[in-house]
Amino acid sequence: MLAQAPDASTAKFSAFEVATVKPVDTGQQAGRFFKMEDSHRWAATNFTLTALIALAYDLNPRTISGGPGWMESQHFNIEAITPGEVKPTRLEQMQMLRALLVERFGLKFHREQKEFSIYELTVAKGGSKLKAAANPDAPPELIGVVYPGKIEVPAKSVTMDDFVAMLQRATLDRPTVNKTGLTGKYDFTLDWAPDETQYGGDIPKAPDDAPLPPLFTAVTEQLGLKLTATHGLVNAMVVDAAVKPQAS
């Protein structure tokens, strides 16, 4: 899980000031992304409800079950205004998104321990190559940037829990568990050639002659870490109820 924000900040960013949710025709959409467009405008483009839940709760989509069938087929665009005087951190953005899922989608769920095929992130045999964060008190910055035949992830002030959350939420096709034992904050850049199993198949596979290594090799060569396929228990989410929001 991501580090908890201070109490004052948590209260300040408990909900968006205003938000519009619109169903969209997926045939007219290209890609899926969320971002702060400026200090107060937050947008999510071409997300299913399942993808929104995965984003808000740092879950791999495979660990989300139940709910109506349209959760994985109907796509939505969200535009929202954030409160306060400063740009919210990613954690604060997700706090507001969770509130929106309850208010606008009527989301109700419970948790269950279930066994899945998973990846474990550990320290590789040669040891970690991670460098301590230059500014460990800064909010974590971690996002994948898509280029033709290449994914680049610049990371600043990031814990291994932050990194694993990103991997399982958006990148890998399985839940991922942090087994590194590393407790610090780090700065790094990870570059790799994507394949069809990543990002839900939304990112084209890199050419066979791409100069960058595949993800698992890049994690070891560049970070001194290792991703291993195995099985394990995961705290999965079972959706008990959800409704399509009224377009607004």
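User: How many aromatic pairs does the count come to in this structure?

Analyst: This is a predicted model. Ring pairs here are picked by a rule: the centres must lie within 6.5 Å. By this rule the count comes to seven aromatic pairs.

User: What kind of aromatic pair do Tyr 57 and Phe 109 form?

Analyst: A pair of aromatic rings is described by the distance of the centres and the angle of the planes. For Tyr 57 and Phe 109, the centres are 5.3 Å apart and the planes make an angle of 75°. Planes over 60 degrees apart count as edge-to-face. So the angle of 75° falls in that class, and the pair is edge-to-face.

User: How many residues apart in the chain are Tyr 57 and Phe 109?

Analyst: This pair links distant parts of the chain. Tyr 57 belongs to helix α2, and Phe 109 to strand β6. They are 52 residues apart.

User: Is Tyr 57 buried or exposed?

Analyst: Tyr 57 has a relative accessible area of 12%. The cut-off for buried is under 20%. Therefore Tyr 57 counts as buried.

User: What is the angle between the planes of Trp 70 and Phe 76?

Analyst: Trp 70 and Phe 76 form an aromatic pair, with 6.2 Å from centre to centre. Trp 70 and Phe 76 are buried. The pair is edge-to-face, and the angle between its planes is 70°.

User: Which ring has the charged end of Arg 174 over it?

Analyst: A charge can sit over a ring in this model. One case is Lys 150, which lies over the face of Tyr 147 at 5.3 Å from the ring centre. The charged end of Arg 174 is 4.9 Å from the centre of its ring, and that ring belongs to Tyr 119.

User: Why is helix α2 largely enclosed by the rest of the structure?

Analyst: Helix α2 covers residues 49-57. Its buried residues include Leu 49, Ile 53 and Tyr 57.

User: Which residue just after α2 takes a positive phi?

Analyst: Look at the position that follows the helix. The phi there is about 55°. The residue is Asp 58.

User: Which side chain does the side chain of Arg 169 contact?

Analyst: Arg 169 is in helix α4. Its relative accessible area is 12%, so Arg 169 is buried. Its side chain makes a polar contact of 2.6 Å with the side chain of Asp 58.

User: How many residues of α4 are buried?

Analyst: Helix α4 is mostly covered. Among its buried residues are Met 160, Phe 163, Leu 167 and Arg 169. At the start of α4, a side-chain oxygen of Thr 159 comes within 3.4 Å of the backbone nitrogen of Asp 161. Of the 12 residues in α4, the number buried is 10.

User: What is the volume of the largest pocket?

Analyst: The largest pocket is lined by 45 residues. Arg 32, Phe 34, Phe 47, Arg 169 and Ala 170 lie nearest its centre. Elements that give two or more residues to the lining include β2, β3, α2 and α4. The volume of the largest pocket is about 1,400 Å³.

User: How many charged residues are in the lining of the largest pocket?

Analyst: The lining can be sorted by class. It has 22 nonpolar and 12 polar residues. The number of charged residues is 11.

User: What is the phi of Asn 46?

Analyst: Asn 46 is in strand β3. At 9% relative accessibility, it counts as buried. Its phi is positive, in a residue other than glycine, and is near 65°.

User: Which strand holds Ser 157?

Analyst: Ser 157 is not a glycine, yet it has a positive phi of about 55°. Its relative accessibility is 2%, so Ser 157 counts as buried. The strand is β10.

User: How far apart in space are Thr 63 and Pro 88?

Analyst: Thr 63 is in the loop between α2 and β4. It counts as buried, at 3% relative accessibility. Thr 63 and Pro 88 are 25 residues apart in sequence, and their C-alpha to C-alpha distance is 27 Å.

Terms used. Residues numbered from 1 in each chain as written. Predicted model: local features only at pLDDT ≥ 70, side-chain atom pairs only at ≥ 80, totals over all residues. Heavy atoms only, no water. Buried < 20%, exposed > 50% of the residue type's maximum accessible area, 1.4 Å probe, protein only. Helix = DSSP H or I, 4+ residues; strand = E, 2+ residues; numbered from the N terminus. Phe/Tyr/Trp six-rings, centres within 6.5 Å; stacked < 30°, edge-to-face > 60°. Lys NZ or Arg CZ within 6 Å of the ring centre and 35° of its normal. 1 Å grid on protein atoms, 1.4 Å probe; cavity = no way out; pocket = protein on both sides within 12 Å on 5 of 7 lines; lining within 4 Å. Points joined across faces, edges and corners; volume = space filled by probe spheres on them. Nonpolar A, V, L, I, M, F, W, Y, C, P; charged D, E, K, R; others polar. Polar contact = N/O pair within 3.5 Å; in protein donor to acceptor, adjacent residues only side chain to side chain.
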